[in-house]
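The structure is shown first, and the description follows.

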Amino acid sequence: MNRIPFMLSPASKNYLWGGSRLNDDFNFGLPVYPLAEAWVCSTHPDGESYADSEKLSEALKAYPEYLGTHALQLTCGKPELPILIKLIDAKRDLSVQVHPDDEYAKKEGQWGKTEMWYVLAAKPGAELVYGFNRDVDAKQIKEAVENGTIGSLLNHIPVRKDDLFFVEPGTVHAIGAGCLIAEIQQSSNLTYRLYDYGRVGKDGKPRELHLEKALDVANLKSSAAPRQPMRVLKYKNGCASELLTRCKYFQVERLLLNTEGRKLAEFQTGKNSFHALLCTDGCGNISGDGTDGENFNLNFFKGDCVFVPAESIPLKLHGRAQILNVSC
């Protein structure tokens with residue numbers, strides 16, 4: 001069987017804090033405003049990606065071997081993605097929120113949510129919230145939410161392009177206005193809101209808070225402001241790479257593809273995991289020779305996400321692009 005890459009089409013989310021940058025910058029053409037999130041690689045029932053006209057989940061049910069041995073282990077053998085990849089446009093501040101771990105999330109029939117943010121762009125003065133700036137207790141949190149002063153208890157971190165943040169379950173956090181972010185996370189849609197600035201939803205009612213559940217899972221200890229990790233570029237023909245994050249759920253590398261005047265960059269997946277290649281800038285081409293003698297050729301552009309099955313055919317990358325290479 002030819003295990004060749006295929007292009008994914010994203011699901012969209014029109015949360016009230018979104019804007020138009022995902023359509024403007026990535027040319028998605030999604031008929032949604034505000035466009036807050038594009039779920040570019042997902043089998044989560046709240047927003048599935050498509051492979052041609054077929055849901056990605058259906059393609060993986062037909063060919064579960066595409067996922068790879070480790071990815072299937074993470075989902076306990078279910079033919080579904082253990083991860084979800086999003087592009088996020090925060091035109092306005094997101095709510096102050098927290099996610100549960102796997103054990104707590106089981107009560108709600110989902111996985112927990114470990115996540116990573118990679119900052120694609122940030123307006124001057126943009127920031128995010130990452131944990132508390134002092135030890136707090138549940139009583140303090142409830143009072144601060146009620147009187148709107150919770151911001152004084154939180155770490156506010158300045159954000160710049162290419163910053164990287166790893167967010168463990170239990171970390172209270174919020175993406176601030178002016179951030180354009182790629183998020184790689186466990187395949188979960190469990191969010192417990194602590195505070196939402198008194199905003200109202202489409203029904204004209206205040207958006208729901210989940211204070212008790214949030215306090216059940218939140219780490220109320222002081223968090224040190226996160227430091228940017230050391231990142232080391234490794235060079236091969238036509239491509240440089242750097243490891244951004246590795247945890248039990250996913251691994252993320254940034255690829256800097258530049259084959260102008262050089263040999264094409266070689267790429268092939270192993271048996272452990274599929275790879276999702278998200279182009280965050282530039283454009284390029286993936287090609288290869290199938291086992292049936294047919295040539296494979298796929299062009300990709302900024303915003304495209306290409307799914308590469310585990311144990312793929314040998315591939316060549318050509319072009320000038322920045323790519324997030326996500327695997328499990």
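## Largest cavity

Among the elements of this predicted model, β19 gives the most to the lining of the largest cavity, contributing three residues. Two elements, β19 (275-289) and β22, each give two or more residues to the lining of the largest cavity. The lining consists of Leu277, Cys279, Ile286, Phe300, Asp304, Val306, Leu317 and Ile323. By class, seven of the lining residues are nonpolar, none is polar and one is charged.

The space in the largest cavity amounts to about 40 Å³. With a threshold of 30 Å³ or more, the count comes to one cavity.

## Largest pocket

The volume of the largest pocket is about 500 Å³. It is lined by 21 residues, of which Lys236, Ser241, Glu253, Leu255 and Glu266 are the closest to its centre. Two or more lining residues come from each of β15 (234-236), β16 (239-246), β17 (251-258), β18 (265-267) and β22 (315-327).

Strand β16 supplies the largest share of this lining, with six residues. The lining of the largest pocket divides into nine nonpolar, six polar and six charged residues.

## Six-stranded sheet

An open sheet is formed by six strands in the order β2-β3-β6-β13-β8-β11, and the pairing is antiparallel. At the edges of the sheet are β2 (11-13) and β11 (164-167), each of which pairs on one side only. Neighbouring strands of the sheet are turned against each other by 20° on average, direction ignored.

Within this sheet, strand β8 (residues 115-122) and β11 run antiparallel and are joined by four bridges. Tyrosine 118 stands opposite leucine 164, which belongs to β11.

## Overall fold dimensions

The protein contains six helices and 22 strands. Its radius of gyration is 20 Å, close to the 20 Å that the globule rule gives for 328 residues, so the protein is as compact as a globular protein of that length.

Along the principal axes, the C-alpha trace of the protein spans about 65 × 40 × 35 Å. Of the 328 residues in the protein, 54% are buried.

How values were computed
Residues numbered from 1 in each chain as written. Predicted model: local features only at pLDDT ≥ 70, side-chain atom pairs only at ≥ 80, totals over all residues. Heavy atoms only, no water. 1 Å grid on protein atoms, 1.4 Å probe; cavity = no way out; pocket = protein on both sides within 12 Å on 5 of 7 lines; lining within 4 Å. Points joined across faces, edges and corners; volume = space filled by probe spheres on them. Nonpolar A, V, L, I, M, F, W, Y, C, P; charged D, E, K, R; others polar. Pairing = 2+ DSSP bridges. Axes fitted to C-alpha atoms, helices over the stretch in contact; angles between N-to-C directions. Rg over C-alpha atoms; globule rule 2.2 N^0.38 Å. Buried < 20%, exposed > 50% of the residue type's maximum accessible area, 1.4 Å probe, protein only.
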